[in-house]
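Subject: Structure handover

Hello,

Here is the structure for your work. My notes on what was found follow below it.

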Amino acid sequence: MSTKSCSKNLLPFFNTSSLLKGFYYVRRNVELMSGKQFFLERYAQLGWKFQEPKPKLSIRINQTNAKAKKIPERLRSLGVELEKVPFLQLGYWVVRSKASAGATAEYLLGMYSIQEAAAQIPVTLFTALHGKMVLDASAAPGGKTVQLADLMENSGVIIALDVNKERLGVMANHLERCHISNTIVYNLDARQATKLNRTFDRILLDVPCSGNFASDSEWFSRRTLADVERNAKVQKEILAEAVKCLNPNGEIIYSTCSLEPEEDELNIDWAAKNLGLQVQKIYCLGMDGLTEVFGRKLDPQVKFSRRIWPENTQGFFVCKLKKVETQ
Amino acid sequence: MKPYEVFASRFGCRVAFNSELVLEKNQRYYLLNPRTKKDLLVNYYYAGLYLGKIKNSNFFPSFNLLNMLVGAAANKIVVDMKSAWLFICGRDVFRVGIVKVMGSKRKGDDTLVLNEFGECLGFGKIMDDLASSEGKLAVKNVLDIGDFLRRETRGRF
């Protein structure tokens, strides 16, 4: 091909006018598919009317470290007033606090962790964790890993993965503070979990997600539908990899702090149809998962998942999946 | 002797771990149990119970190791609530804040610092004979649990 014909062929792509048109087209689309109004209209279509959320600071007692130590009473003596979270066994709201709840001796001794109330739910949905082989696939900064180890009373093994090495440092401090002894941490992408050559009885997929406006005041100005779709794709890849290393009759808890159905019900619908997973009924805070999203009908079992619209907690989605043994 | 054993001996006690279950990686020591050992791969980042690290030829214990020493017959002092709080904030311990002394009272020795609940807040160096140092600086803070907050600021493990 001569230089002349080459430049002739490429010419339309370097035409300033078409480039600008393309740029404005993309920009216009991004504007249309982002912003507070865009997302609030989506939520309205999903049946939720926006109300300003008021998430409260919450803590979770680490029962293994706090045995026989009356943490609420001890914190009260420091001016930290707690109120039991009705839907959690070990969770408390911090109602009033003269001291920082993250700087008391009790916190530094690992007797409790600061963990958002809705985020405490997923780990409690596993059945019979004691002595099990557990994978925490996107583990850092380690709040749920510590919760798992606490419920397991440091029995069995937790394999915790995270791709971000800087966040693993935070996680290591968290594990040391709470005296966790059954966890092995690898700097590994959850999408490469099969490289470990291990299979698991329980898998926690608290997957990386787009987040929500209740925990990020800048959320509406920072997120676009393209972000959501990109995250949803990664989440599907993580789900597919997790299924490969799940034992028969094993359980997956899938959770996100995203309110976008692409990252929630649509992924579960996809997993039920393509990965041979059954959605299990769970009992926890929230409403039934959506079975119709923007006119699209989903697998009826998706309703067993739970969608938590933000109010006293951040927005959240959680679901229990089971790999059912086939003959 | 392993660095953590040498460290324990500074408190007048001894720790004995099954050497097959203690791993060293990047100058950090971890204590495993047989189950976690079985499931360990070479390229781990953190494993089991963290015991401490070597940095600039010195051994820096973890709070897991310090907790283990509490149960052993180690040098330890119990401090009152105000001194406990100041100690966590990185301050030294004065004689007036010490409620009880167990083990060595000798200047230059190391001692664990416990709160009134018997929980280990860290350790320090005895600066003056604890039998006679009323009102004076008694134990110099070497490491306290407030370090977790300082690490958050520095973003380090």
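This is a predicted model: local features need pLDDT of at least 70, side-chain atom pairs count only at pLDDT 80 or more; totals for chains, interfaces and linings use all residues.

Domains of chain A

Chain A is split into domain 1 (58–114) and domain 2 (118–323). Between their C-alpha centres the distance is 25 Å. Domain 1 of chain A gives 11 residues to the contact, and domain 2 of chain A gives 12. On the side of domain 1 that touches domain 2, three residues are nonpolar, seven are polar and one is charged.

Contact between the chains

On the chain B side, 30 residues are in contact with 22 residues of chain A. Elements of chain B that give two or more residues to this side are helices H2 (34–38), H3 (63–71), H4 (81–88) and H5 (147–154), together with strands S3 (46–47) and S4 (49–55). By class, the side of chain B that touches chain A has 16 nonpolar, nine polar and five charged residues.

Strand pairing also crosses between the chains. Strand S7 of chain A (residues 183–187) is joined to S3(B) by two bridges, and the strands run antiparallel. A:Val185 has B:Tyr46 in S3(B) as its bridge partner.

The sheet in chain B

Chain B has an open sheet of six strands in the order S7-S11-S10-S9-S6-S8, with mixed pairing. Strand S7 (93–94) and strand S8 (98–102) of chain B are at the edges; each has a single partner strand, so one side of each has no neighbour in the sheet. Inside the order, strands S9 (residues 110–114) and S10 (residues 120–126) of chain B pair antiparallel over five bridges. B:Thr111 is opposite B:Gly124 in S10(B).

H3(B) packs on this sheet, where it touches strand S6 (76–79), S9 and S10 of chain B, and its direction makes about 80 degrees with that of S10(B). H4(B) lies across S6, S7, S9, S10 and strand S11 (137–144) of chain B, at about 85 degrees to S10(B). Both H3 and H4 of chain B are also among the elements listed above for the side that touches chain A.

Regards

Technical notes. Residues are numbered from 1 along each chain as its sequence is written. Chains are lettered from A and ligands numbered from 1 in the order in which they are written. Two residues are in contact if their C-beta atoms, placed from the backbone, lie within 7 Å. Helices (H or I, at least four residues) and strands (E, at least two) are DSSP runs, numbered from the N terminus. Ala, Val, Leu, Ile, Met, Phe, Trp, Tyr, Cys and Pro count as nonpolar, Asp, Glu, Lys and Arg as charged, and the others, Gly among them, as polar. Two strands pair if DSSP finds at least two bridges between them. Domain bounds come from an automatic or database domain assignment. Axes are lines fitted to C-alpha atoms, for helices over the stretch in contact, and angles run from 0 to 180 degrees between N-to-C directions.
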